[in-house]
Amino acid sequence: MSFVTIFYGISFYVATLILFIGLSYRIYEYATIPAPLKIPTPPAPKTKQGVAVRLIREVVFFESLFNATKWTWLFGWLFHFALLLAAFRHLRYFTDPVWFWVSWEIVQAAGHYAGYVMVFGLLGLLGRRIFVDRVRYISNPSDYLMLILIILIAVSGLMMKWFHTDIYAVKQFFLGLMYFQWTELPSDFILLLHLSLVLLLMIIFPYSKLLHAPGLFFSPTRNQPDNARDQRHIADWAKKLESKR
Amino acid sequence: MAVKEFEKPELQEFTTIPKLVEEATSHLAPFKSKEEFQQSLGYPGELVDNWEDVALDKMGDLLKRYRSLRVYMDSCIQCGACTDKCHYYLGTKDPNNMPVGRQNLMRGVYRKHFTLPGKFFPKLVGAVDLTKEVLDDWYSYYHQCSQCRRCAVFCPIGIDTAEISMAAREIMDSVGVGQKYCNEIIGKVNKIGNNLGLPEPALADTLEGLEEDVLDDTEVDVKFPLDVKDSDVLLVTPSADFFAEPHVDGLMGYAKVFHQAGISWTLSSHASEAANFGMFIGSYDNMRKLALRIREAALELNVKRIVFGECGHAWRVAYSFLNTLAGPFDFLDPRYPVPQHICEVTHDLMNKNVLQFDKSANDDKVLTFHDSCNVARASNMGDIIGGQFTLPRDIIRATTNNFYDMEEETIREKTFCCGGGGGLLTDDLIELRMKGAQPRMEALKRVVEDHGVTHMAAICAICKSQFSKAFQYYGFELDQIISLHHLVGDALIMNKKEL
Ligand code: SF4
Ligand code: SF4
């Protein structure tokens with residue numbers, strides 16, 4: 001077994017562990033820290049079902065962002081939507097037999113073109129960071145690097161179209177990792193670059209602003225029903241104050 | 001610390017997004033609270049020696065008690081969508097007044113002390129130590145936030161800078177750096193019962209005076225009862241309503257409504273204040289203590305309902321928090337929500353035709369309505385989504401013939417704060433207040449020019465006081481800001497037969 005295979009094999013295990021344990025721990029934290037007061041923003045739904053609808057609209061359409069700034073919305077939404085399509089396309093590397101809908105021509109083609117859309121969206125976001133004085137002011141090096149990292153992931157992925165890689169072997173490698181029957185990973189430069197960057201992204205996910213993904217679902221301004229007058233909403237730590245009443 | 005002269009902003013036709021000017025208002029900070037007021041709220045009197053440790057401990061504590069703070073520290077993508085949404089940024093151009101800029105003052109410290117990347121790569125992620133300079137920046141800029149939540153409406157994650165400002169103020173209080181205006185006022189309520197420090201006899205006197213005024217005016221004997229047991233309604237209203245213009249006309253309006261509807265009501269000298277400045281300083285304990293006074297008064301006076309007068313943040317605490325802080329209110333009449341807003345009461349009576357209006361009484365006015373931030377973005381009325389916008393407007397339309405809304409981007413949930421909310425309604429912050437009022441003044445100027453609007457109605461004591469100043473400053477007339485229930489009081493058809 002080559003060094004490259006062993007190195008990437010182990011790296012993917014480690015990165016997956018960090019991603020899942022890190023993310024689960026964050027979600028556990030968010031779920032267990034109380035929100036002691038009702039603070040939903042308008043238009044606030046009155047019921048849990050209403051909250052679900054609100055969150056779906058935020059996740060699917062980025063509704064608040066749309067109301068805030070059209071350019072950021074356009075670039076951001078295109079990027080995220082394209083990311084989803086690209087992720088669908090990639091499922092074929094992890095499923096055997098390939099899930100029927102993943103193998104559909106349209107899913108595969110959409111996943112491919114989504115790569116370009118991703119790059120377009122990300123460049124737009126990068127442009128805003130560079131050219132809009134307010135966004136430039138709040139940007140830290142990590143904010144630029146994050147965009148550049150994902151751009152490079154997308155570009156290296158797209159480049160594999162031209163620099164031929166043995167896709168079948170790559171798929172065997174990942175299935176091998178999943179079922180603990182390792183096979184060799186082709187050591188093409190572009191492929192290894194693509195995979196390295198993805199590894200990096202997985203590792204920093206639970207420690208970075210990428211936490212906005214779970215964060216949205218735990219944001220009290222968005223996930224609370226507006227029913228404060230009907231229901232007392234008291235945190236455990238606040239209940240302790242009551243005995244002193 | 002004298003208040004410096006500052007350049008007067010010129011009102012534009014449309015509010016534009018300014019180019020940022022670093023440090024534009026770094027010189028602004030409110031007076032600090034004196035030792036005695038700090039201590040009476042349970043805070044150290046002055047900056048403690050090991051303040052850095054104490055502050056970080058407090059921050060760690062809040063991060064475990066407030067999900068909002070924790071999630072919001074982690075989740076900001078620095079996307080910039082909020083950067084042009086704060087009236088203080090629009091008015092001052094200072095990038096630390098962009099909501100995310102304001103948040104980052106704390107986020108830097110959070111990253112440094114509570115996250116791994118901040119520990120290992122501080123430069124990369126903008127992590128900073130909590131130094132004295134940082135603390136000073138906190139004091140300055142967390143007192144340039146009126147906690148109006150306009151930013152939270154637009155943020156894709158719903159990050160609410162108000163939550164962060166409140167936490168910052170709580171942390172600063174815990175190391176002995178408190179704000180004079182808020183903390184003195186809380187002290188007064190704890191001691192006497194209201195923000196003005198108005199004791200019971202003086203209050204009784206004032207109310208008597210009001211009875212005479214209304215009698216002279218309308219020839220109807222409208223009562224302003226104080227501490228009357230077994231009344232139906234306990235009215236809790238901002239103490240500015242007892243004295244200040246244009247607030248007091250609102251109070252007369254509520255009294256007329258109760259009188260005409262035949263509802264027995266009373267004020268309480270124990271809970272003679274609707275405002276709850278405990279919220280502004282982010283202190284659950286203090287907020288709860290103030291809220292409990294209302295519960296105590298309701299029990300003591302054996303009332304059936306609690307109704308709040310026109311006050312923005314008081315209504316936020318009342319609507320969104322009171323049940324949690326001081327409930328359950330199972331001893332009150334279950335047919336009414338607890339508490340109710342005076343607009344809900346009036347609206348309901350209006351719909352039931354208990355109240356009749358002569359709109360022509362207000363024909364000398366052309367109205368617009370200012371949605372106060374805390375009512376608009378942190379509460380509700382009438383238990384219908386958006387009721388906090390429609391109920392007041394319904395009432396205005398029922399009591400006047402001429403009403404025009406300001407531009408869509410500046411009303412309802414997108415309303416601009418008056419510039420004086422969040423515990424900033426103090427003369428030591430006058431520059432900030434006037435600059436922060438600019439977006440609202442520009443929107444007002446447009447309806448004045450386009451529709452000949454003569455008056456702006458509001459339902460918040462802070463807004464009314466702030467606008468009295470800002471109107472004069474920007475070339476409007478002091479009396480163009482009025483209480484919504486002033487309109488109601490003037491248009492209400494009263495039965496005179498009792499005389
Ligand atoms: S809109 Fe929200 S996520 Fe974007 S910079 Fe502002 S606070 Fe951060
Ligand atoms: S809460 Fe209001 S005052 Fe504070 S940062 Fe947000 S928009 Fe500005």
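Start by selecting A:K209 and A:D143: their side chains meet in a salt bridge, N to O at 3.0 Å. (A salt bridge here is a side-chain nitrogen of Lys or Arg within 4 Å of a carboxyl oxygen of Asp or Glu.) Before you go on, note that this is a predicted model, where local features need pLDDT of at least 70, side-chain atom pairs count only at pLDDT 80 or more, and totals for chains, interfaces and linings use all residues. Residues are numbered from 1 along each chain as its sequence is written, chains are lettered from A in the order in which they are written, and side-chain values use heavy atoms, with hydrogens and water left out.

Next, color chain A by domain. Domain 1 is 1–61 + 167–229, and domain 2 is 69–159; these bounds come from an automatic or database domain assignment. Their C-alpha centres lie 15 Å apart. The contact (heavy atoms within 4.5 Å) takes 19 residues from domain 1 of chain A and 20 from domain 2 of chain A.

Now show helix 10 (189–204) of chain A. Helix 10 gives the largest share of the domain 1 side that touches domain 2, eight residues. (Helices are DSSP runs of H or I, at least four residues, numbered from the N terminus.)

The two domains of chain A bury about 1,700 Å² between them, 70% of it on carbon and sulfur atoms. Buried area is the accessible area (1.4 Å probe) that two parts lose on being put together, summed over both.

Last stop: bring in chain B. Here 80 residues of chain B are in contact with 62 residues of chain A, and the area buried between the chains is about 5,700 Å², with carbon and sulfur atoms giving 57%. Select B:R70 and A:E29 to see a salt bridge whose closest N and O atoms are 3.0 Å apart. Finish on helix 16 (residues 312–326) of chain B, which gives the most to the side of chain B that touches chain A, with nine residues.

Conventions:
Helices (H or I, at least four residues) and strands (E, at least two) are DSSP runs, numbered from the N terminus.
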